Amino acid sequence: MVIVLIILFAATLVYFFLSERVYSFIWLLSIQGVLLFGIAFNNLINIQPIELILILLETLIVKAIVVPWFLNRLHRKNQLKKIHESTVPVFYSLIIISAILIGCFLMSYTIDNEIIQLRFFTVALATVIGGMYFIIIHKNIFSHLVGFLIIENGTFLLSLAVGGEMPFLVSLAVLLDVLLAVLVIGVFLNKVSDTFDTISASKLNQLKD
Amino acid sequence: MCCNMIFNPLVIILVSLVFPGIITLTKAKIAGRKGPSVLQPFYDNIRLFRKGNVFSATTSWIFQFAPIIYFSTVFMAMLFIPLGKQPAILSFEGDFVLFAYLLAFGKFMMIAAAMDTGSGFEGMGANREAFYSLLVEPAFFIVIASMALLTNHTSFYDLFNNLHIESELSYLIAILSVYIFLWIAMIENSRLPVDDPKTHLELTMVHEVMVLDYSGFDLAMIQSSNGLKFTIYGALIFNLVLPMQNYFAAQLGIFFIVEFIFAVSVGVLESFRARNKMAKNPQWILALSALAILGFLSVLIITGKIVLMN
Amino acid sequence: MLFIFFFIGFAIKAGFVPFHTWLPYAHPAAPSHVSGIMSGIIIKMGIYGIIRVLTYIHTGLFPIGIFLLIVSFVSGVLGVTLAIVQHDVKKLLAYHSIENIGIIGMGIGIGVIGLAINNPTLAVLGFAGGFLHIFNHALFKSLLFFTAGNIYNQTHTRNIEHLGGLIKKMPKTAFFFLLGSVAISGLPPFNGFISEFLIYVGMFKELHTGDLLLSLVLLGGIVGLVLIGGLALYCFTKVFSIIFLGNARSNKTEHAKEVNGSMLFPKFILSFFIIFIGILPVFVLKPLAEIVSIFTPDVSALTEIIPSVQGISVSLGIFILMIAGLWFVRKLAAKNKTVETGPTWGCAYTGANPAVHQYSATSYSDYIGNLAKYVTGNRKQFKIIEKDEIFPEPRKFETHSSDIFEDYLVSKPTGKLLQFLEKIAVFQTGNLQHYLLYAIVFMALILGLTILNVL
């Protein structure tokens with residue numbers, strides 16, 4: 001069952017690079033949150049209930065509901081652009097993300113470590129690299145935020161892969177990271193778009209004090 | 001034995017007579033209209049068969065020859081499809097390669113005939129048709145490769161008969177394959193969201209514009225081949241979702257039901273989805289191949305080539 | 001390592017990417033019948049060299065196989081992409097030779113991989129497909145070059161943008177060109193399909209054996225062949241349609257008429273073989289088995305595939321019968337009906353010159369040209385119409401395409417080398433006294449160095 005969810009998670013990663021509308025980015029983030037909830041639930045059902053509830057809280061509520069809702073509100077309040085074009089044409093991005101997925105699967109074939117749980121590791125690594133590639137090709141700060149959240153999802157999977165026994169600490173750190181990032185960038189975006197009219201990173205680069 | 005051999009094509013031809021009618025009727029009902037009868041396209045074709053022809057002076061023998069070749073390729077492709085436990089008339093190892101390439105030959109002749117008229121409309125449609133079929137072929141072959149990897153066989157009949165649904169990942173692969181086949185069928189038959197068969201604006205035409213200059217016997221042949229092609233893809237999907245049955249009558253019943261649901265879902269999809277921006281079509285079609293690669297990787301996991309359980 | 005050096009040498013002869021830049025210049029310059037032989041046979045000498053080297057190598061075959069496969073994949077896809085944007089018909093055919101060399105290389109690469117992992121089926125089918133494609137390619141490429149020569153003979157232009165509607169003036173030539181085009185796209189019922197079929201079946205059958213790397217490599221091979229087939233179809237519909245169909249695009253085609261029989265005779269022979277191998281491939285399996293047995297003694301895979309090949313023959317037989325039958329039915333049905341001719345549907349306006357608003361070659365290839373901008377170097381030159389220009393002046397619109405490998409691998413280094421050499425050329429004055437001065441300086445140098453015990 002876990003494998004099914006992991007493959008669906010990889011499918012959402014492919015869809016991130018196909019779509020260009022911000023609305024679908026936000027939807028995909030919440031779907032990823034739900035899938036992560038399923039994966040974590042399956043994995044930790046036999047560990048102590050308090051950790052289970054915390055993980056539940058983190059993935060289902062924070063990743064799947066709170067953060068997308070916050071992003072949506074941010075998007076609407078500042079009347080940001082609805083379509084974020086990428087610098088690399090989508091055609092090539094699709095080929096690149098398929099190559100990244102195949103490369104990660106090939107790499108997992110050569111890893112011979114006992115501690116790493118391979119089924120999570122491959123897709124987690126692909127998600128992290130995919131998130132970084134997402135940030136590279138988009139110029140808009142909002143898309144950078146979305147890319148950062150993809151990387152956080154990938155790190156969560158990595159924590160499941162590496163630290164199967166004690167995900168509590170890692171997931172707490174990730175949660176803190178996510179909340180801080182979203183809050184900071186949200187506040188920043190609010191203030192920036194109140195003063196200026198654009199949030200394009202290349203124009204904001206010219207801000208000097 | 002003789003009765004067995006012609007059974008498959010007979011059933012498929014029967015369904016193809018009503019298939020376009022069901023799609024039109026579904027779209028009409030969703031739009032709130034009464035809609036024509038289910039057999040209306042069939043009557044249209046009979047009427048067209050009896051009419052005379054009007055040719056453009058610019059065209060040559062290719063224009064008159066192409067619909068015949070197109071119809072023959074689609075008919076031949078139909079002879080390769082098994083229906084559950086019923087073997088196809090022609091079945092050998094690697095027959096899906098011949099299947100795909102025969103259909104490509106039909107497309108080649110249709111594109112040549114479209115350019116034959118020397119009109120800008122047909123050129124546009126021919127250009128796009130060639131490009132989109134170029135992009136959709138890899139998806140088809142990757143799905144077949146996943147199935148070949150899973151079942152160690154290489155002909156349609158063996159592939160479909162040995163496809164066992166064991167673990168949950170197989171369910172996912174089956175759903176993924178059906179999803180990809182559905183979209184391949186929509187693209188190859190030039191339906192929304194890639195192409196709109198009802199529009200006659202040159203900006204949005206792909207397949208319909210290639211047959212703009214046809215009339216009479218030729219047009220009837222092309223339209224019947226369209227219906228036949230759709231039914232063939234429906235038969236492929238049927239083979240994918242067929243549970244293990246030994247009852248022949250049950251298989252036949254499930255075939256009719258699957259084709260009916262396929263036609264209705266095509267109508268529903270067409271009614272509720274807008275057409276893609278023309279410039280976004282290539283990447284949309286390429287995404288199908290990316291998803292098919294994912295399916296291939298899942299099959300690799302199932303067969304244990306990627307060892308993921310430790 | 002030794003193989004890499006041999007390969008580079010033979011690859012330049014065969015025309016693998018990125019050593020292919022000489023091909024598009026050589027083929028159009030030669031007379032057409034020589035181009036046909038050049039493309040059909042002389043290029044294959046490079047392939048022969050690679051195969052010969054392979055018979056001497058018995059270790060390290062797996063990386064060699066993968067290397068061959070990757071280079072052939074790139075050659076195939078890039079070759080046909082570059083071919084699509086050309087508008088000189090012989091240059092286009094030259095680029096197509098690169099693509100077909102890619103397919104042959106893929107077949108041989110698969111065969112070598114099969115040898116490396118001791119899989120006789122894969123080895124046999126890969127090699128058989130590759131070798132058969134060598135022969136097939138010679139057949140249909142020569143046919144295409146000969147027909148292109150016919151066209152050049154009659155219209156004195158190789159630029160397809162100036163042609164059109166030739167099918168009415170040269171019907172036999174058109175028929176042969178159509179035959180060649182369908183064959184080179186690898187479509188049934190002709191012989192290009194058979195060789196690709198052999199490679200496909202080899203890859204599909206052995207997909208489940210071997211490990212992850214092999215499965216992914218085979219998947220890459222399958223996707224490569226599919227892409228190359230699709231792109232070749234795109235390219236040749238464009239070429240055939242623009243040259244022969246539609247209306248004439250300029251007056252160069254006015255005086256074209258069918259060539260006489262002696263020019264058509266070789267084409268008959270070639271077409272006969274193309275159709276023969278396409279419909280009855282069983283007869284070529286025996287000679288192929290003998291050739292392939294040099295590499296692997298176990299050629300049982302070829303006998304295993306006979307039922308498939310016979311299936312193909314039966315299917316194609318039914319296909320041709322059906323076409324003939326339908327043609328008769330159509331003739332019968334048209335007996336009592338009215339058949340009129342009229343102008344092509346022009347959306348209710350047929351007053352314009354019909355040649356002007358039909359598709360041109362550049363428009364047809366625009367999709368791929370735009371997609372592969374980095375490789376084909378598609379550049380458009382035009383002056384933009386400004387917003388305040390109320391009555392725009394006449395403008396020119398030009399598109400150029402060039403080969404990126406040529407630009408970076410050949411032209412730029414040679415340019416720099418020439419610059420460097422020009423600086424040194426100062427010493428070449430052509431004056432005898434200066435040269436004697438150089439000789440005295442050199443002797444003084446040698447004397448001085450000997451005295452100082454350096455030399």
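**A walk through chains B and C**

Chain C is divided into two domains: domain 1 covers residues 2-325, and domain 2 covers residues 404-451. The centres of domain 1 and domain 2 of chain C, taken over C-alpha atoms, are 46 Å apart. Keep in mind that this is a predicted model.

Start with chain C as a whole. Its secondary structure comes to 19 helices and three strands. The chain has 455 residues, and 48% of them are buried. Now look at who touches whom. Take the contacts in chain C with a separation of 6 or more. Of these, 82% join residues 24 or more positions apart.

Next, find helix H6 of chain C, at residues 89-116. H6(C) has 28 residues and reaches 40 Å from its first C-alpha to its last. That is close to the 40 Å expected at 1.5 Å a residue. Is H6(C) mostly covered or mostly uncovered? It is mostly covered, with 26 of its 28 residues buried. After H6(C) comes Asn118(C). The phi of Asn118(C) is positive, near 60 degrees.

Move on to helix H8 of chain C, residues 171-184. Follow its packing against two other helices. Two packed helices are described by the angle between their axes and the distance between the axes.

Take helix H7 of chain C first, residues 120-155. The axes of H7(C) and H8(C) cross at roughly 145 degrees and come within 9 Å. The crossing is left-handed. On the H7(C) side, the contact is made by Phe140(C), Leu143(C), Leu144(C), Thr147(C), Asn150(C) and Ile151(C). They meet Thr173(C), Phe176(C), Phe177(C), Leu179(C), Gly180(C), Ala183(C) and Ile184(C) of H8(C). By class, this contact has nine nonpolar, four polar and no charged residues.

Now turn to helix H11 of chain C, residues 261-279. H8(C) and H11(C) pack at an angle of about 35 degrees, and their axes are 11 Å apart. This crossing is left-handed too. From H8(C), the contact uses Lys172(C), Phe176(C), Leu179(C) and Ala183(C). From H11(C), it uses Leu264(C), Lys267(C), Ser271(C) and Ile274(C). Look at the spacing along each helix. An α-helix has 3.6 residues a turn, so residues three or four places apart point the same way. Which classes of residue make up the contact of H8(C) with H11(C)? There are five nonpolar, one polar and two charged residues.

The peptide bond from Pro188(C) to Pro189(C) is cis, with omega near 5 degrees.

Now for chain B. Its secondary structure comes to 11 helices and one strand. From the N terminus on, the elements run α-α-α-β-α-α-α-α-α-α-α-α. Chain B has 310 residues, and 58% of them count as buried. For contacts in chain B with a separation of 6 or more, 76% are between residues 24 or more positions apart.

Two loop residues of chain B are worth a stop. Arg50(B) sits in the loop between helix H3 (40-49) and strand E1 of chain B. Is Arg50(B) buried or exposed? It counts as exposed, because it has 12 C-beta neighbours inside 10 Å, and 12 or fewer is the cut-off for exposed. The C-alpha atoms of Arg50(B) and Ala220(B) are separated by 9.3 Å, although the two residues are 170 residues apart along the chain.

Val209(B) lies in another loop, between helix H8 (168-188) and helix H9 (216-241) of chain B. Val209(B) is buried because 27 other C-beta atoms lie within 10 Å, and 20 or more is enough to be buried. Val209(B) and Phe121(B) are 88 residues apart in sequence, yet 6.4 Å apart in space, C-alpha to C-alpha.

Finally, see where the two chains meet. The contact takes 62 residues from chain B and 64 residues from chain C. On the chain B side, the elements that give two or more residues are strand E1 (53-56), helix H4 (61-78), helix H5 (95-116), helix H6 (120-151) and helix H11 (281-302). Which element gives the most to this side? H6(B) does, with 16 residues. By class, the side of chain B that touches chain C has 38 nonpolar, 17 polar and seven charged residues.

Definitions and conventions
Residues are numbered from 1 along each chain as its sequence is written. Chains are lettered from A and ligands numbered from 1 in the order in which they are written. This is a predicted model: local features need pLDDT of at least 70, side-chain atom pairs count only at pLDDT 80 or more; totals for chains, interfaces and linings use all residues. Helices (H or I, at least four residues) and strands (E, at least two) are DSSP runs, numbered from the N terminus. Two residues are in contact if their C-beta atoms, placed from the backbone, lie within 7 Å. Ala, Val, Leu, Ile, Met, Phe, Trp, Tyr, Cys and Pro count as nonpolar, Asp, Glu, Lys and Arg as charged, and the others, Gly among them, as polar. Axes are lines fitted to C-alpha atoms, for helices over the stretch in contact, and angles run from 0 to 180 degrees between N-to-C directions. A crossing is left-handed if the near helix is turned anticlockwise from the far one by less than a right angle, and right-handed if clockwise. The expected span of a helix is 1.5 Å times one less than its number of residues. Domain bounds come from an automatic or database domain assignment.
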